[in-house]
Amino acid sequence: MATRIAYAFILLINSIFSWLMLTPWALSKLEHLTLDYMKIKCQGEACTGYVAVQRINFALGLFHFIMALLLLGVKSSKDSRAGLQNGYWGPKVIVWLGFIVLTFLIPESFFQVWGRYFAFIGAMLFVLLGLILLVDLAHTYAEFCLEKIENYDSKAWRVLLIGSTLGMYTASFAMTILMYIFFAGHNCSMNQAAITVNLIVLLIISFLSVHPAVQESNPKAGLAQSAMVAIYCTYLTMSAVSMEPDDKLCNPLVRANGARTASIVLGAIVTMLTIAYTTTRAATQGFALGTSGGHAYAKLGEEEVEHGMIDQQPMSARREMRAEALRAAVEAGSLPASALNDDDDDDSDDGRNGKDDEKGGTQYNYSLFHVIFLLATCWVATLLTQQINDIEMTDPNFAPVGRSYWASWVKIVSAWLCYVIYGWSLVAPVVLPDRFGH
């Protein structure tokens with residue numbers, strides 16, 4: 001966990017630095033530290049704006065791309081390359097900062113193409129990944145609560161499941177009412193359409209989740225999952241209408257005193273939390289992406305699974321069997337007594353005893369982890385630079401994050417796409433029963 005937090009912190013610092021580079025404020029402060037003796041220029045041009053943001057995020061993206069290649073195929077901490085993931089933080093930070101410096105030596109034309117096409121595609125993949133994982137979280141949360149209720153007849157879990165479902169639906173409808181009151185004025189047709197479509201689809205997927213056909217194919221589907229999807233998509237819609245420009249007088253937050261700073265801080269916090277969740281979830285729950293996640297189980301031999309029953313056994317059971325075999329071999333004289341000490345050393349490195357919890361297998365896919373971070377840098381760069389010339393600069397020193405129609409429409413369409421993904425997760429077992437074993 002500490003490793004993942006460290007990488008997330010590097011992404012946070014990189015994102016804040018690239019945001020500051022949207023305007024000349026940061027460089028002016030650096031120049032002021034030199035008593036205005038040194039003027040900072042990049043190939044004779046200003047080092048701020050669109051290209052500067054692309055440079056900084058490209059540098060971190062390149063770092064994660066190289067890490068993904070270097071760690072490809074690492075399965076356990078026994079691999080000598082595993083140390084690259086969890087250690088060498090000093091050299092890795094130096095390499096990251098070195099890449100940032102080197103990117104300012106690359107011609108601007110490269111980053112115009114990179115930002116317009118490659119970073120944009122990476123950003124859209126990152127958004128899609130987040131939606132898939134959100135739907136996966138909704139199903140996992142509800143099924144976990146239902147499992148606790150079924151196994152232990154727990155009143156606490158039942159109250160938690162019902163209470164959270166009611167709470168999320170209440171919050172969704174409350175946000176919808178607020179959006180109609182403050183963001184759906186006479187000339188705000190875009191906002192009116194987005195809010196209304198979200199409300200209608202919210203009701204449709206809620207009804208769909210309790211439809212008899214869906215319940216027959218997946219009895220664990222229900223309003224709990226729908227509530228989580230509903231509140232997330234309603235939040236996306238509210239974030240979209242509250243961050244759009246105010247050229248049509250549809251966003252009172254822009255005109256409110258102090259709201260600009262509050263919305264920027266809140267947006268940054270939510271964005272970083274989303275990125276942290278997405279990367280961690282993708283790394284530890286690879287099944288959502290069609291990969292196999294890490295676990296502490298090992299396959300039995302093929303001759304042991306012909307009966308078609310259990311085909312896995314815990315690693316602890318394998319260690320006990322191995323220890324018995326070693327003791328028998330030592331007693332028979334076929335192995336020296338030191339073999340038992342070697343086995344004890346291996347056992348002491350087990351995750352449950354505190355030393356190495358990835359000796360039997362990594363907890364997550366290292367290469368996939370860095371690919372997710374690469375996509376995250378693309379998303380940050382695209383979010384900060386799309387329609388940069390149209391962003392309303394209410395403060396000469398700081399540029400608001402995502403205050404453009406492009407960013408608003410990305411969030412609106414993302415909410416619709418999330419509903420589609422969740423709806424398909426409900427309907428798929430009904431229309432494709434053979435594929436899902438029904």
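Modeller: A disulfide is a pair of cysteine sulfur atoms within 2.5 Å, and in this predicted model that cut-off can be set against the pair Cys188 and Cys250.

Colleague: How do you know that a disulfide joins Cys188 to Cys250?

Modeller: The sulfur atoms of Cys188 and Cys250 are 2.0 Å apart, and a pair counts as a disulfide when the sulfur atoms lie within 2.5 Å, so Cys188 and Cys250 are joined. The structure holds one disulfide, and with -100° about the S-S bond the link of Cys188 and Cys250 is left-handed.

Colleague: Which parts of the chain does the pair link?

Modeller: The pair links distant parts of the chain, 62 residues apart. Cys188 is in the loop between helix H7 (155-183) and helix H8 (189-209), while Cys250 is in the loop between helix H10 (223-242) and helix H11 (252-255).

Colleague: Are Cys188 and Cys250 buried or exposed, and what makes them so?

Modeller: Buried means under 20% relative accessible area; Cys188 has 3%, so Cys188 is buried, and Cys250 has 5%, so Cys250 counts as buried too. By the cut-off of 20%, Cys145 with 0% is buried, and Cys378 with 5% also counts as buried.

Colleague: Why is Tyr88 called exposed?

Modeller: Exposed means over 50% relative accessible area, and Tyr88 has 55%, so Tyr88 counts as exposed. Tyr88 is found in the loop between helix H4 (82-86) and helix H5 (89-103), and its phi is near 55°, a positive value in a residue other than glycine. Most residues other than glycine have a negative phi.

Colleague: What makes Leu249 exposed?

Modeller: The relative accessibility of Leu249 is 61%, and the cut-off for exposed is over 50%, so Leu249 counts as exposed. Leu249 lies in the loop between H10 and H11, and its phi is near 60°, again a positive value in a residue other than glycine.

Colleague: Why is H3 called roughly antiparallel to H15?

Modeller: Helix H3 (residues 50-70) and helix H15 (residues 366-385) pack at an angle of about 175°, with their axes 8 Å apart. Angles over 145 degrees count as roughly antiparallel, so H3 is roughly antiparallel to H15. Residues that make the contact include Val53, Leu60 and Phe65 of H3, and Phe373, Leu374 and Val380 of H15. By class, the contact of H3 with H15 has 12 nonpolar, eight polar and no charged residues.

Colleague: Which residues have the most contacts inside the largest nonpolar core?

Modeller: The largest nonpolar core has 52 residues, and those with the most contacts inside it are Val229, Trp379 and Cys418. The largest share of this core, eight residues, comes from H16. Leaving aside its neighbours within four places in sequence, Val229 is in contact with Leu134, Ala138, Cys418, Tyr419 and Tyr422. Apart from this core lies another, of seven residues, among them Leu20, Val53, Val380 and Ala381.

Colleague: How do you know whether Ala428 is buried or exposed?

Modeller: Ala428 has 2% relative accessibility, and buried means under 20%, so Ala428 counts as buried. The place of Ala428 is in helix H16 (residues 405-431). Ala428 and Val214 are 214 residues apart in sequence, and from C-alpha to C-alpha they are 9.1 Å apart in space.

Conventions: Residues numbered from 1 in each chain as written. Predicted model: local features only at pLDDT ≥ 70, side-chain atom pairs only at ≥ 80, totals over all residues. Heavy atoms only, no water. Helix = DSSP H or I, 4+ residues; strand = E, 2+ residues; numbered from the N terminus. Buried < 20%, exposed > 50% of the residue type's maximum accessible area, 1.4 Å probe, protein only. Core = buried A, V, L, I, M, F, W, Y, C linked by side-chain atoms within 4.5 Å. Contact = heavy atoms within 4.5 Å. Axes fitted to C-alpha atoms, helices over the stretch in contact; angles between N-to-C directions. Parallel < 35°, antiparallel > 145°, perpendicular 65-115°, else oblique. Nonpolar A, V, L, I, M, F, W, Y, C, P; charged D, E, K, R; others polar.
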